[in-house]
Amino acid sequence: MQSVIIGTGSALPTRRVSNAELAETVDTSDEWIVERTGIRFRHIAGPDETTATLAADACRAALGSAGIAAQDIDLIVLATATPDQTFPASATKVQAMLGIDDCVAFDVAAVCSGFLYALQVADSMLRSGAARRALVIGAETFSRILDWEDRATCVLFGDGAGAVVLEAQDTGARGILAVRLHADGRHNELLYVDGGPSTTGTVGKVRMKGREVFRHAVVNLASVMTETLAVAGLSAGDVDWLVPHQANARILDATARKLNLSPDKVVVTVDQHANTSAASVPLALDTAVKDGRIKHGDLIVLEAMGGGFTWGAAVIRF
């Protein structure tokens with residue numbers, strides 16, 4: 001059995017914020033942000049938009065793309081660092097919003113790598129026969145944990161959600177070919193949130209040492225993509241599309257150069273969405289599927305790195 005992506009979907013908050021609008025309240029400028037990050041816009045969740053509502057909207061779009069009903073889903077894995085509540089899992093809220101009476105539903109926390117972690121978990125469960133069809137989601141409302149007086153971080157992030165429908169199929173033609181995940185908790189102080197239920201009793205705010213994160217990201221991402229391709233018996237030359245975590249345009253460029261990949265093969269949405277953490281990979285994937293770039297039969301590589309550090313890659317025959 002292989003896990004095949006049969007549908008993709010995404011959702012963005014209604015409010016779209018430009019760099020110029022951000023500069024009205026933050027000590028920054030459009031030129032400064034674009035030069036350092038490539039970001040031009042981000043979406044910010046309104047009072048009635050939460051991680052779960054955005055996730056549910058992305059799931060509805062993915063189900064429509066797959067042509068199946070919500071009741072056909074027996075597994076929901078939601079990757080997020082910004083759940084609606086400490087508990088229960090936001091995945092169960094999504095389940096209820098979709099009208100699914102009973103299925104396995106839980107959250108995965110690996111920050112920006114969360115979607116890759118969720119994908120691996122769902123793939124393992126589908127291959128084992130524990131489920132037949134799964135919704136794998138990355139959804140975030142990172143704007144709720146930003147320090148809006150810290151221009152080094154608040155300009156980088158946005159809100160959104162992306163989802164895929166995975167189906168177990170007895171086929172060798174399409175599906176997830178290989179996934180490799182890593183973590184190194186020694187680097188907690190480089191990218192973290194300074195709060196939590198068992199420490200401060202508060203949600204906390206994002207803190208980051210950007211230069212150090214950049215250095216680790218370029219090395220780790222290039223390494224894990226090469227590793228994952230090798231496991232699948234492939235090389236960078238076989239890749240049709242790289243769908244990376246949309247953290248920073250400079251990281252995307254540097255990673256592509258390390259793999260000798262043409263920039264034309266890299267899906268870039270960071271200019272429009274900013275860094276949406278666990279949502280960024282499925283958001284970018286859905287964008288490229290919807291605009292016709294990614295087609296059935298294409299070999300795609302997904303990659304991400306986030307706080308922890310956690311990082312990973314997936315090789316998929318779409």
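This is a predicted model: local features need pLDDT of at least 70, side-chain atom pairs count only at pLDDT 80 or more; totals for chains, interfaces and linings use all residues.
**View 1. An open sheet of four strands.** The strands follow the order β8-β13-β12-β11. Their pairing is mixed. β8 (175-183) and β11 (241-244) stand at the edges. Each has a single partner strand, so one side of each is left without a neighbour in the sheet. From one strand to the next, the twist averages 15 degrees.

**View 2. The pairing of β12 with β13.** Strands of a sheet pair through backbone hydrogen bonds, either parallel or antiparallel. Strand β12 covers residues 299-306, and strand β13 covers residues 310-317. The two run antiparallel. Eight bridges join them.

View 3. Helix α5 (residues 114-128) touches β8, β12 and β13. The direction of α5 makes about 130 degrees with that of β8. Helix α7 (residues 210-231) also packs on the sheet. Its contacts are with β8, β11, β12 and β13. The direction of α7 makes about 145 degrees with that of β12.

**View 4. Helix α8 and its surroundings.** Helix α8 spans residues 249-258. I251, L252, A254, T255 and A256 are buried. These buried residues pack against α7, β11, α9 (270-273) and β12. At the N-terminal end, N248 caps the helix. A side-chain oxygen of N248 lies 2.7 Å from the backbone nitrogen of R250. N260 follows α8, and its phi is positive, near 55 degrees.

How values were computed. Residues are numbered from 1 along each chain as its sequence is written. Side-chain values use heavy atoms; hydrogens and water are left out. Two strands pair if DSSP finds at least two bridges between them. Axes are lines fitted to C-alpha atoms, for helices over the stretch in contact, and angles run from 0 to 180 degrees between N-to-C directions. Contact means heavy atoms within 4.5 Å. Buried means under 20% relative accessible area, exposed over 50%, partly exposed in between (1.4 Å probe, protein chains only). A polar contact is a pair of N or O atoms within 3.5 Å; within protein, one must be able to donate a hydrogen and the other to accept it, and residues adjacent in sequence count only if both atoms are side-chain atoms.
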